[in-house]
Amino acid sequence: MKFDLDQEQRDFAASIDAALAAADVPSAVRAWSGGDTAPGRKVWAQLAELGVTALVVPERFDGLAAHPVDLVVAAERLGRWCVPGPVTESIAVAPVLLADDQRAAALAAGELIATVALPPRVPRAVDADTAGLVLLAGDGRVRDAQPGARHDSVDPARRLFEVTASGDGHAADTDRAYEFGALATAAQLVGAGQALLDAAVDYAKQRTQFGRVIGSYQAIKHKLADVHIALELARPLVYGAALALADESADTARDVSAAKVAAAEAALLAARSALQTHGAIGFTAEHDLSLWLLRVQALRAAWGDPAAHRRRVLEAL
């Protein structure tokens, strides 16, 4: 039996690719790292026009109430282009937490960018200094929050903040919100891994060693083939987890965690292979490759690191 995206979903992915390809996202990421979010917000405005920010928002708040598979389609492309900002938190998690809150309409329109902390699994909120809304969730409740102490991330475009609650809040499905967060992060890792593989393949066709392009060596071919296989094995797990989440399956936690582990390991393999293929130039901050290398390292630990998700799989079994 073969599972595949329908034409509308493929067109949606292509429209995101077309918009982001013309947006000079690497420059926006570097600006975001330096505290200038204006270029990144222009990218977010384009995503809003495409409906990306409205995917998980309920229809009564002008959202699309889309299937989790559609969220995965979008999140994978955002990872592929290394979009800056609290992507998982604002597009996937906050709409679940604000399912009965009028502010969800602002999320759908792209007028509001939100970030979320959900301790103990997500103890800090990313980009809490620039987000228009900071949320603190847990134990079935969500509250508005204020950013506190800042902590640097391995990815300079992802500043982490401790947050403190500033209100009483209201009831929310925090467990489901966590699953959405882990799933969206897994999808971004697959996209980032694919970007790194594509960059490595392209560079292997150009770089020469001992008078031959390195892509002609069997060792390089095998290494890049291993990355391709790892990504192709992770991708169906991510989409399978999206189906489980949509059906509210009893196996949702197991499936989401399996997807997060597979995506994280595949992306790490892609990062290592891309760095080895590029050689010394891959270590430089000036090369765009560094943006994806750092993003993969940050997203591996975001919304549960591989060890935590392996424990959840083991517990489910």
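Buried here means under 20% relative accessible area, and the model shown in these views is predicted.

**View 1. Strand E3 is covered on both of its faces.** Six of the six residues of strand E3 (residues 133–138) are buried, so that the strand is mostly covered under the cut-off of 20% relative accessible area. In a regular strand the side chains alternate between the two faces of the sheet. Leu133, Leu135 and Ala137 lie on one side of E3, with Val134, Leu136 and Gly138 on the other, and each of these residues is buried.

**View 2. Strand E3 pairs with strand E1 and with strand E4.** Strand E1 (residues 114–117) and E3 run parallel and are joined by four bridges, with valine 116 standing opposite leucine 135 of E3. With strand E4 (residues 141–151), E3 pairs in the antiparallel sense, again over four bridges, and here leucine 136 stands opposite arginine 143 of E4. Two residues separate E3 from E4 in the hairpin that they form, and aspartate 139 in the turn has a positive phi of about 55 degrees.

View 3. Just after H8, glutamate 248 takes a positive phi of about 50 degrees.

View 4. Among the buried residues of H8 are Ile220, Leu224, Val227, Leu231, Arg235, Tyr239 and Leu245.

How values were computed. Residues numbered from 1 in each chain as written. Predicted model: local features only at pLDDT ≥ 70, side-chain atom pairs only at ≥ 80, totals over all residues. Heavy atoms only, no water. Buried < 20%, exposed > 50% of the residue type's maximum accessible area, 1.4 Å probe, protein only. Pairing = 2+ DSSP bridges.
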